Amino acid sequence: MLFVDNRNEHDPAVNLALEEYVLRTSPAGTDLVLFYINEPSIIIGRHQNTLEEINQEFVERNNIHVVRRLSGGGAVYHDLGNLNFSFITDYQRDNFANFRKFTEPVVRALAKLGVQAELSGRNDLVVDGRKVSGNAQHISRGRMVSHGTVLLNSNLEDVAQALRVTEGKFVSKAVKSVRSRVANICEFLEQPISVEDFRQLLLDTYFEDEAERPDYPLTEEDWVAVRQLARERYKTWEWNYGRSPDFNVQKKERFPGGEIDARLDVQRGKIQSAKFYGDFFSEIEPEELAPRLVGVNYRREDLAAALKDVPIERYFSGMDLETFLDFLY
């Protein structure tokens, strides 16, 4: 097994790009392990509708990264109190969905700290019935990655807030996350341990049979390619939001000018149709507003650009553009 050094990078887009890059470029027969610690971020599963999984207002207010990963499974929260591990190897049918094999070193490392963890369900590690690690997998060109996150001393209040979305706002075919009772490893420790020290403990566990730790070589050209991949995929709205499965948005709210019920059909992140119902008054029929929204990315700044010259108050009595954008998004 070889160790992939991420140079203490904390940008989740770069770390996920590094993971994908070594997955796709490392030679067959090579086993790799990668660790990374991300800045506050929500990592969305490949098949999920991003807006169904996050508290958009909280995320924007707290500058939390939102990044989609290649693997399936549910949305997870990362911050500097949580350690992520990736094990990259050749794909074998017996390895896929075999989370016990890939989490066993984590279980052994925790046991050294006096914490008894066990695999529960299909892909979680739990301690005393509370989730401390979630795991997922992805296959590409005969190679696979099995990766997971370990909650060591994460801000659980931020976890709850960031992953709390208004129920009933979206209707889609996306895979929805199952919320679990989570816990930090530090709750079960007699003596505190830093994320960096736990990373070293886990690293020593992976390489305990090695005379010295062998590293996987990454050149400066490799790092240029990694950062390019981060820019072109993991930092783009098209991947992180637009890649969401098709979904419908329904918003209903009462304003001084009357109740508005908005229905949007969104495909590949773009609005395909818009309809408005309610008991509001209008000078111009809302049906004439709908074509201005068709083809627009469903994100606030694009909606604002599409409607910047539109006299919203004539379509919905007493309504201004900012209030309408707050309502619609």
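Biologist: What makes strand 7 and strand 8 (residues 124-127) a pair, and in which sense do they run?

Modeller: Two strands pair if DSSP finds at least two bridges between them. Strand 7 and strand 8 have 3 bridges, in the antiparallel sense, so they count as paired by that rule. One example is Ser-120, whose bridge partner in strand 8 is Asp-124. Strands here are DSSP runs of E with at least two residues, helices are runs of H or I with at least four, and both are numbered from the N terminus. Do keep in mind that this is a predicted model, where local features need pLDDT of at least 70, side-chain atom pairs count only at pLDDT 80 or more, and totals for chains, interfaces and linings use all residues. Residues are numbered from 1 along each chain as its sequence is written, and side-chain values use heavy atoms, leaving out hydrogens and water.

Biologist: Why is Asn-6 called buried?

Modeller: Buried means under 20% relative accessible area, exposed over 50%, and partly exposed in between, with a 1.4 Å probe and protein chains only. Asn-6 has 3% relative accessibility, so it counts as buried. You will find Asn-6 in the loop between strand 1 (2-4) and helix 1 (12-25).

Biologist: What makes the link between the side chains of Asn-6 and Asn-15 a polar contact?

Modeller: A polar contact is a pair of N or O atoms within 3.5 Å; within protein, one must be able to donate a hydrogen and the other to accept it, and residues adjacent in sequence count only if both atoms are side-chain atoms. The Asn-6 and Asn-15 side chains are joined at 3.0 Å, so the distance meets the limit of 3.5 Å.
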